[in-house]
Amino acid sequence: MTRRHALLAATAAGTLVAASLTAATLPASAAAAGCAVTYTVQSQWNGGFSGNVAITNLGSALAGWTLTFDFPDTDQRVTQGWSATWSQSGARVSAASLSWNSALNTGASTTIGFNGAWSGTNPVPTSFALNGTTCTGVVSPTTPPPTTPPPSTPPPTTPPPTTPPPTTTPPPGGAAPSLRVSGNRLVTAAGATYRLLGVNRASGEFACVQGKGMWDSGPVDQASVDAMKAWNIRAVRIPLNEDCWLGLSGSPSGATYQQAVKAYVNLLVANGINPILDLHWTHGQYTGNISACPDVNATCQKPMPSRQYTPQFWTGVATAFKGNDAVLFDLFNEPYPDAANNWSDMTAAWRCLRDGGTCTGIEYPVAGMQSLVDAVRATGATNVLLVPGLTWTNDLTQWLAYKPTDPRNNIVASWHSYNFNACVTETCWDTQIAPVAAQVPVHAGEIGQDTCAHDYIDRLMTWLDSKRLGYTAWTWNPWGCSGGNVLIEDYNGTPTKSYGEGYRAHLLSVTP
């Protein structure tokens, strides 16, 4: 989730409710039109914020819709959106329905969301229109508790399933197994099938560039790892920052940052937990469609890695951990070259993902996944590599056709799945993800739901378990569950209500 991930406490929030309904005296031949919109700033931090927009159709049934509004300040912009096709021209923002939420009957609602940027002030938009029908209303500020992006969608209409009690004991002692790809499975050195089941431990991607130290002031000691083991966690995905590893910017950076990563990785491996090193934030100035920040430094998620520095990053990481095949390399968090090109040429986007070079909409030379595979293998490292798909790693439809070549045939398809993504049903998983999983291992590197419940992830994990696929949930950080996707209340491993409780219970009921 980005997916979703430089996380500061909320400092301000606002809610606007707008409604418009045509008069009941319309002639019989006219279609009633009207709408209600609730715009909520879920969280806000220095230069960024998370927005949530709930739309209710009060008029005749719609087969498709487009919501439009204007930001009051010229520096406000959408940097990443979901559950709609987002675009912005000047102050005007448009969000068009997707296939799965295009139909809105009278009284029906849907919710869409986005991450945004601001400078100076972040005022709430004052007017919205749905298919050209203005929805007017008044501003009613609210102050939600501190949260972290990505933003949330409304809670489910039915209560989440009752959390079952744990049914197994924590994992036994011993070091994490060395892993390799065999067919469409990850296996141990002995050839036994092994699933990576665990969590993301965020902050290595953002803390060093936000003046927050190495791990966001959270512990990475034996006690914190023991708390993970009590959940039966067998894998921890660790997001990293390119600039901090290479010493280009941030503090700590360079050798100090590298040593901290190595120490944490070694601690996890010694405790039977496989680390997944994920390149999350990278160098390269990007100001195009859905830009998360204009900074050339690695201070936000970029659409693709940089040819200037990213191969160098992976050369360094691979050199540091080659010979330890318990460590896996996730080559890039959530590519979105398709969004950078406004989804106008998906073939070009898949080529950009694999081959890099000059990619439409991206200002800097791009490092494709093939060049990153080559950089790792040139060091002699044999570690398993995770290769992402498009659209923030939610789209694997052409992954097999554009899979990079690995001389060791040691590649896993990386997939991310949240309740606000496009592919959120068993039908979609069966048609888009299962065909990939039939040929190569698929690992769901980020799963979650921003409602703080566990109904979506329960469905998702049931499907993943049926296919014997691994998953690591977002996130093992005590940032408050009001924004969703937060598993713990503290680093002692106290689970958040519903979301954390449900995930913990599930991990304790399954085996790798």
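Is W350 buried or exposed, and what is its relative accessible area? W350 is buried, at a relative accessible area of 2%; buried means under 20% relative accessible area, exposed over 50% and partly exposed in between, with a 1.4 Å probe and protein chains only. The model is predicted: local features need pLDDT of at least 70, side-chain atom pairs count only at pLDDT 80 or more, and totals for chains, interfaces and linings use all residues. Residues are numbered from 1 along each chain as its sequence is written, and side-chain values use heavy atoms, with hydrogens and water left out.

**Overall composition**

- The protein has 10 helices and 20 strands; these are DSSP runs numbered from the N terminus, with helices being H or I of at least four residues and strands E of at least two.
- Of its 512 residues, 59% count as buried.
- The accessible surface of the protein is about 17700 Å², and carbon and sulfur atoms account for 53% of that; the areas come from the Shrake-Rupley method with a 1.4 Å probe, and for residues only the protein chains shown count as cover.

- F313 lies in helix α4, which spans residues 310–321.
- F313 counts as buried because its relative accessibility is 0%.
- Leaving aside residues up to four places away in sequence, F313 touches L240, N241, E242, W245, L246 and L279, where contact means heavy atoms within 4.5 Å.
- One of these contacts, E242, is 71 residues from F313 in sequence, while the C-alpha to C-alpha distance is 6.3 Å.

**Aromatic pairs**

- The whole structure holds 24 aromatic pairs; rings of Phe, Tyr and Trp (its six-membered ring) pair if their centres lie within 6.5 Å, and planes under 30 degrees apart count as stacked, over 60 as edge-to-face and the rest as tilted.
- F313 and W314 form an edge-to-face pair, because their ring planes stand at 85°, with the centres 5.0 Å apart.
- W314 is buried, with a relative accessible area of 0%.
- W350 and Y402 form a stacked pair, with 6.1 Å from centre to centre and 20° between the planes.
- That pair links distant parts of the chain, 52 residues apart: W350 is in helix α6 (residues 346–355), and Y402 is in the loop between β17 (385–388) and β18 (411–418).
- Y402 also counts as buried, at 17% relative accessibility.
- Ring pairs join Y39, F49, F69, F71, W86, F114 and F128 into a cluster.
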